[in-house]
Amino acid sequence: MDLNELKYGPGFTMMKLPLYGCVLLWMQPFVEKMSEEEFFHFIGTIKRDGLTPEQKASIKERRKSHPNVMPPEFGAYLNITLDCIIQENVGKFERLGYRLNHDQISID
């Protein structure tokens, strides 16, 4: 999945916005070879189940190697970014079988 294709609002590229960019840069190695459908399942799984131990470890490692692009508020930025991706792609998530209720996500 090319994360440069993700848009927010009236066509802003999410990767270019600092709030989202640091999260998307962290996410890139996990999703770069995924299809769009796999990517949306990846997002849904994180939102529903939380981060895997591997993902948590990669955040810690990235904080050490790239402290200037990993703000202390990264966890909040991650949640905001996931919510934005879901909000901008509600129809795609629903077609994949996800049910979206306020701040919860589930799959049939």
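A: Contact here means heavy atoms within 4.5 Å. Helices are DSSP runs of H or I with at least four residues and strands are runs of E with at least two, both numbered from the N terminus. The model is a predicted one, in which local features need pLDDT of at least 70 and side-chain atom pairs count only at pLDDT 80 or more, while totals for chains, interfaces and linings use all residues. Residues are numbered from 1 along each chain as its sequence is written, and side-chain values use heavy atoms, with hydrogens and water left out.

On the α2 side the contact is made by F39, F40, I43, I46 and K47, and on the α4 side by N79, L82, D83, I85 and I86. Sorted by class, this contact holds seven nonpolar residues, one polar residue and two charged ones. For that count, Ala, Val, Leu, Ile, Met, Phe, Trp, Tyr, Cys and Pro are nonpolar, Asp, Glu, Lys and Arg are charged, and the others, Gly among them, are polar.

An axis is a line fitted to C-alpha atoms, for helices over the stretch in contact, and angles run from 0 to 180 degrees between N-to-C directions. The crossing of α2 past α4 is left-handed, a term used when the near helix is turned anticlockwise from the far one by less than a right angle, with clockwise giving right-handed.

Next come the charged side chains. Side chains of opposite charge can pair when their charged atoms come close. A salt bridge is counted when a side-chain nitrogen of Lys or Arg lies within 4 Å of a carboxyl oxygen of Asp or Glu, and a search of the whole structure finds three. One of them joins K47 to D83, with the closest N and O atoms 2.6 Å apart. K47 belongs to α2 and D83 to α4, so this pair ties together parts that are 36 residues apart in sequence. Both K47 and D83 are also listed in the contact between the two helices. K47 is partly exposed at 22% relative accessible area, and D83 is partly exposed too, at 37%; buried means under 20%, exposed over 50%, and partly exposed in between, using a 1.4 Å probe and protein chains only.

Another salt bridge pairs E36 with K92, where the closest N and O atoms are 3.4 Å apart. E36 is in α2 and K92 in helix α5 (residues 90–95), which puts the pair 56 residues apart, in distant parts of the chain. E36 has a relative accessible area of 38% and is partly exposed, as is K92 at 29%. R48 and D49 form a salt bridge as well, with the closest N and O atoms 3.0 Å apart. R48 is partly exposed, at 35%.

T45 is another residue of α2. T45 is partly exposed, with 32% relative accessible area. Leaving out residues up to four places away in sequence, T45 touches G50 and Y98.

Q55, from helix α3, also reaches this part of the model. Q55 is buried, at 6% relative accessibility. Apart from residues up to four places away in sequence, Q55 touches W26, F30, F42, I46 and G50. I46 is also one of the α2 residues that meet α4.

Helix α4 has a further partner. The axes of α1 and α4 come within 9 Å and cross at roughly 90°, which makes α1 roughly perpendicular to α4. In α1 the contact uses L19, Y20, C22, V23, L24, W26 and M27, and in α4 it uses F74, Y77, L78, I80, T81, L82, C84 and I85. By class, there are 14 nonpolar residues, one polar and no charged ones. L82 and I85 are likewise among the α4 residues that meet α2.

Methods. Angles under 35 degrees count as roughly parallel, over 145 as roughly antiparallel, 65 to 115 as roughly perpendicular and the rest as oblique.
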